[in-house]
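Subject: Structure handover

Dear colleague,

Please find the structure below, with the sequence. My notes on what was found in it follow.

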Amino acid sequence: GAAGVMLTDRDARKGDAAIADVLASGAEAAFVQADLRDESAPSQIFEAALARFKRVDGLVNAAGMTDRASLTDATPELWGAVFAVKARAPFFLMQALERHLRETRNPGAAVNILSMNIYGGTADLAVYSASKAALAIATKSAAHAHRFDRMRVNGINLGWAETPAEHQMQAVTLKRGAAWRDEAAAKLPFGRLIQPDDVARLA
């Protein structure tokens, strides 16, 4: 059957566009605007999902954030922002799901989008890599702790993915131009970058 999907982003325009795509597929969709850097965002998002759909069966933590820094140039502010989005918010969204499933005695699942950088990223991804490593440990911990509670918790370890935000970072911010995509793809096993649909289908 069709699932109802609650989407969240800090940009309402992106949310409206994403809802249109989901509705076109025949599923129900709703949007809540939230900034994952805000400590209250996880509860805000989960409460909005419950208000709209009355129950939550699954969670996908797939927040995108391209801010990067090395050990040399990282700041406490950037560290805090990246960890808030990449580690803290996913953790407390999983917590909300676990509590809801326990209260309703229903099964459910969480999927966290991780990164191969958890094993050691490039110099300019030091903070990003650390945040993803933290989420990877939280994923394993939750999966182990709740394996008998009918709550499945899994992570998807991504390689280099082609997204609009990544294109902006590579082509504009890092000034590599439009050719960055082909240059990167030539170095990868499949001869192409990972696409969002690849990840969505696996999740």
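The largest nonpolar core has 29 residues, and M94, L97 and A110 touch the most other members. A nonpolar core here is a set of buried Ala, Val, Leu, Ile, Met, Phe, Trp, Tyr and Cys residues joined through side-chain atoms within 4.5 Å. Buried means under 20% relative accessible area, exposed over 50%, and partly exposed in between (1.4 Å probe, protein chains only). Two or more residues of this core come from each of helix 2 (41-53), helix 3 (76-104), helix 4 (126-145) and strand 5 (151-158). Helix 3 holds the largest share, 12 residues. Helices (H or I, at least four residues) and strands (E, at least two) are DSSP runs, numbered from the N terminus. As background, nonpolar side chains tend to be buried together in soluble globular proteins.

The model is predicted, so to speak of its limits: local features need pLDDT of at least 70, side-chain atom pairs count only at pLDDT 80 or more, and totals for chains, interfaces and linings use all residues. Residues are numbered from 1 along each chain as its sequence is written, and side-chain values use heavy atoms, with hydrogens and water left out.

Contacts of two residues

Leaving out residues up to four places away in sequence, M94 touches L59, N61, A110, N112, A138, A142, M151 and V153. Contact means heavy atoms within 4.5 Å. S131 lies in helix 4 and counts as buried, at 0% relative accessibility. With neighbours within four places in sequence set aside, S131 is in contact with V82, F83, K86 and A87.

Cavity and pocket

A search of the whole structure finds one cavity of 30 Å³ or more. The largest cavity holds about 40 Å³ of space. The method uses a 1 Å grid over the protein atoms alone: a cavity is a set of points where a 1.4 Å probe fits but cannot get out, a pocket is an open set with protein on both sides within 12 Å along at least five of seven lines, and lining residues have an atom within 4 Å of a point. Grid points are joined across faces, edges and corners, and a volume is the space filled by probe spheres set on the points.

The lining of the largest cavity is made up of N61, A62, A63, V85, K86, P90, I113, K132 and L135. Ala, Val, Leu, Ile, Met, Phe, Trp, Tyr, Cys and Pro count as nonpolar, Asp, Glu, Lys and Arg as charged, and the others, Gly among them, as polar.

The second largest pocket has a volume of about 240 Å³. It is lined by 13 residues, and S43, F92, Q95, A96 and R99 are the closest to its centre. Helix 2 and helix 3 each give at least two residues to this lining, with helix 3 giving the most, seven. The classes in the lining of the second largest pocket are five nonpolar, three polar and five charged residues.

Salt bridges

The count comes to 10 salt bridges, each being a side-chain nitrogen of Lys or Arg within 4 Å of a carboxyl oxygen of Asp or Glu. One of them joins the side chains of R13 and D11 (3.5 Å, N to O). R13 is exposed, with a relative accessible area of 68%.

E39 forms another with R88, where the closest N and O atoms are 3.9 Å apart. E39 lies in the loop between strand 2 (28-33) and helix 2, and R88 in helix 3, so this pair ties together parts that are 49 residues apart in sequence. E39 is exposed, at 65% relative accessible area, whereas R88 is partly exposed, at 29%.

R102 and E98 also meet in a salt bridge (2.8 Å, N to O). Both are in helix 3, four residues apart, which means that about one helical turn separates them. R102 counts as exposed at 53% relative accessibility, while E98 is buried, with a relative accessible area of 13%. Salt bridges that share partners also join R68, D124 and E166 into one network.

Regards
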